[in-house]
Amino acid sequence: MNNFQMYRQIMSPGWTLGWTWAKKEVIWSMVGAQATDQGDCSNFKGNIPHCCKRNPTVVDLLPGVPKTQQYSDCCKGGVLASWGQEPTAAVSSFQLSVGLSGTSNTTVALPQNFFLLGPGPGYTCSAATIVSPSVFFSSDGKRKTQAMMSWTVTCSYSQMLVSKNPSCCVSLSSFYNSKITPCPSCSCGCQNNENTSCVMSNSRISSVVKPSTSMLECTSHMCPIRVHWHVKANYKEYWRVKITVTNFNYRKNFTLWTLVAQHPNLNNVTRVYSFLYKSLMLFNTLNDTAMFYGNKKYNDMLLEAGLNGNVQSEILLGKDMSRFTLEHGWGFPSRIYFDGDECVMPPPDSYPSLPNSAPFSPTASSTPAIFLILILLAFRCSLF
């Protein structure tokens, strides 16, 4: 299983893969993963299959299982990094021995109705397609063997299948304006919506919320994630931005999170202080997109809402004097994505503006000059 998505990972509790057998196949044994339900194996005596269900559901094993149950690229609790983060961690594998399926590529029938949860809904899988047989090399690389038969299934993600509402929003601020532009109201839903429930930040959550209900903190935007972009400083050759990601979900940690930003100056990132950074060349001639993610075992997990439910970093960017400006909201991003989902941006006319960005008025600008002339004339008259 390869996760080719550049900035969407599969986080804990991990992936779930399922399909429907074409005939009466059973899974005799499995390494690197396990079926969640054995099913009815009463027809077998002696050796009992690992799974007899016609539509098995498979999950990854947890780290630390005995080596006899492991397989290459397995046992990560179903967590897959995005391809942009770490390609070697974006792969998961397992092996199963199938019975009652046939013994040649003419008698084996392709499974059907594949589905993938990662970990929730959102993925739609294609039908299995026969491809060239997989090739395997011996440990010394001198011998090559190939599979009897191989097929591939492609699963595509759609945010609309997860929720009709967005999952994140963006707020803005700057050093040159005391105004803070908040997330737009009801970005991800409204508090008075019967389908949306929340808890106050100072409430005793465990005593007032049932386990089956939402655990979002009550906010004006009602988003699980808020990304705050702050233009912090302006130097001669550089300028500085601070990004803070806040989790408002009291029951969910975000493992291997990713943040993608689009801004024309992201082609000249000088230093990123607390996050890891990777430039994303989405187009050959346009380099305005960057991906940020956490350092392993330091801040690669965004904890649940509360005192520690945020991650933050500062970014130092080099200036291109031919186009750098702080006017008209140029210092703010055009798009933000969190875990692959596009976040709701504030309307451009609400961005913090420069103090001297008021429209030029000939009348207003000429008044101080006339007043100064009158003072000078009065002073000259007083000398005589």
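When I say two residues are in contact, I mean they have heavy atoms within 4.5 Å of each other. Keep in mind that this is a predicted model, where local features need pLDDT of at least 70 and side-chain atom pairs count only at pLDDT 80 or more, while totals for chains, interfaces and linings use all residues. Residues are numbered from 1 along each chain as its sequence is written, and side-chain values use heavy atoms, with hydrogens and water left out.

Okay, let's start with Trp229. Leaving out neighbours within four places in sequence, Trp229 is in contact with residues including Leu172, Val241, Ile243, Phe332 and Ile336.

Trp229 also belongs to the largest nonpolar core, which has 37 residues. A nonpolar core is a set of buried Ala, Val, Leu, Ile, Met, Phe, Trp, Tyr and Cys residues joined through side-chain atoms within 4.5 Å, and buried means under 20% relative accessible area with a 1.4 Å probe, protein chains only. Trp229, Val245, Leu259, Phe292, Ile336 and Phe338 have the most contacts inside this core. Apart from it lies another core, of 18 residues, with Trp19 and Phe114 among them.

In soluble globular proteins, nonpolar side chains tend to be buried together.

Now over to Ser92. Is Ser92 buried or exposed? Ser92 counts as buried, because its relative accessibility is 2%. Not counting residues up to four places away in sequence, Ser92 touches Met1, Trp15, Asp60, Asp73 and Leu80. Take Leu80: Leu80 and Ser92 are twelve residues apart along the chain, and their C-alpha atoms are separated by 7.3 Å.

Methods
Buried means under 20% relative accessible area, exposed over 50%, partly exposed in between (1.4 Å probe, protein chains only).
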